[in-house]
Amino acid sequence: MKNPTSLGLLNPDRHRDVRIMPGPDMAWGQGLDHVRIGLSEAGIAASDYPLLFMKDAESGQFRLVALFGLRPRVNFFLINGQWQATYLPIAVLGSPFHLGGSDQSLCIDEGSDLVTTDTGTALYSDDCSETSELLRIHSMFDYLRCDLDTANEFTATLVALNLLRPIEVTLEFSEGKNEMIEGLYSISPPRLSTLEDTAILDLHHRNFLDKIYIIMNSLGQMNRIQQLSHIHYDQDIIGLRTQMTSG
């Protein structure tokens with residue numbers, strides 16, 4: 001994820017002369033193995049990526065993410081500067097801007113090559129008022145912030161219903177070596193099938209039930225991860241298995 005030391009809270013005093021080149025920031029995306037997504041993104045994101053849950057390193061809370069790769073800080077979907085997917089999550093599309101801090105304020109990656117002072121689109125007018133470009137960026141991230149909150153509510157509901165279980169991903173290489181990937185979680189179909197009718201109806205009324213099935217079915221996109229993995233490993237991956245554990 002984004003190195004917090006390169007993020008600056010956006011404000012006119014510090015960034016009045018900043019100009020932005022067209023994004024997204026592919027240099028940043030190259031080191032992105034996953035990204036958080038909002039709940040409304042799940043349906044379309046699942047057409048490209050496995051959707052899983054990961055624990056936040058600081059809070060320990062589960063977060064809904066789109067998975068881009070199986071190696072730390074390596075994006076399998078970004079090859080030779082080209083994104084190998086039809087959908088870019090909002091958090092990627094909006095770079096070099098990001099949400100940061102405990103209040104998820106709008107920040108800018110001051111170290112990005114897309115951030116300049118002489119080329120690109122201005123963020124502030126001469127009178128320090130926000131330009132139409134910055135208003136557009138604010139609108140995008142206001143939407144994302146609300147959508148992430150909804151994803152957090154959804155995830156908290158799954159945790160309360162005891163639906164999340166660890167997923168072990170095993171890579172099988174052509175020379176007989178196996179590699180196991182841990183730290184990923186998904187929704188347990190057996191646990192879902194044992195829920196009371198009242199719980200299922202509540203999930204439906206909150207528009208959560210369809211997202212549950214979308215996320216479970218997105219595990220099929222692990223095959224896409226395998227297809228894109230060949231340039232990142234010395235050996236061919238001849239198999240990729242996912243197994244839900246009871247932990």
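1. Let's start with the rings: the count here comes to nine aromatic pairs. The rule is that rings of Phe, Tyr and Trp (its six-membered ring) pair if their centres lie within 6.5 Å; planes under 30 degrees apart are called stacked, over 60 edge-to-face, and the rest tilted. One of the pairs is F68 with W83, an edge-to-face case with 5.4 Å from centre to centre and 85 degrees between the planes. F68 sits in the loop between β5 (62-67) and β6 (78-79), while W83 belongs to strand β7 (residues 82-83), so this pair ties together parts that are 15 residues apart in sequence. Helices (H or I, at least four residues) and strands (E, at least two) are DSSP runs, numbered from the N terminus.

2. Before you go on, a word on what you're looking at: this is a predicted model, where local features need pLDDT of at least 70, side-chain atom pairs count only at pLDDT 80 or more, and totals for chains, interfaces and linings use all residues. Residues are numbered from 1 along each chain as its sequence is written, and side-chain values use heavy atoms, with hydrogens and water left out.

3. Are F68 and W83 buried or exposed? F68 is buried, at a relative accessible area of 0%, and W83 is buried too, at 11%. For these words, buried means under 20% relative accessible area, exposed over 50%, and partly exposed in between (1.4 Å probe, protein chains only). Both residues also belong to one aromatic cluster, formed by Y49, F68, F77 and W83.

4. Now take a look at the prolines. G23 and P24 are joined by a cis peptide bond, with omega at about 5 degrees; P24 is in the loop between β2 (19-20) and α2 (26-30). Another cis peptide bond links S95 to P96, with omega at about 20 degrees. You'll find P96 in the loop between α4 (90-93) and β8 (97-100).

5. Two asparagines are worth a click. N80 isn't a glycine, yet its phi is positive, about 55 degrees. Its place is the loop between β6 and β7, and it counts as exposed at 75% relative accessibility. N162, also not a glycine, has a positive phi of about 60 degrees. This residue lies in the loop between α5 (132-160) and β12 (164-173) and counts as partly exposed, at 39% relative accessibility.

6. What lines the second largest pocket? The lining has 15 residues, and I20, G23, S95, E133 and R136 lie nearest the centre. By type, the lining divides into nine nonpolar, four polar and two charged. (Ala, Val, Leu, Ile, Met, Phe, Trp, Tyr, Cys and Pro count as nonpolar, Asp, Glu, Lys and Arg as charged, and the others, Gly among them, as polar.) A pocket is an open set of points on a 1 Å grid over the protein atoms alone, where a 1.4 Å probe fits, with protein on both sides within 12 Å along at least five of seven lines; lining residues have an atom within 4 Å of a point.

7. Finally, follow I20 into a sheet. The bridge partner of I20 in β10 is V115, and β2 and β10 pair in the antiparallel sense over two bridges. Two strands pair if DSSP finds at least two bridges between them. The open sheet has three strands in the order β10-β2-β11, with antiparallel pairing. Its edge strands are β10 (115-116) and β11 (121-122), each pairing on one side only.
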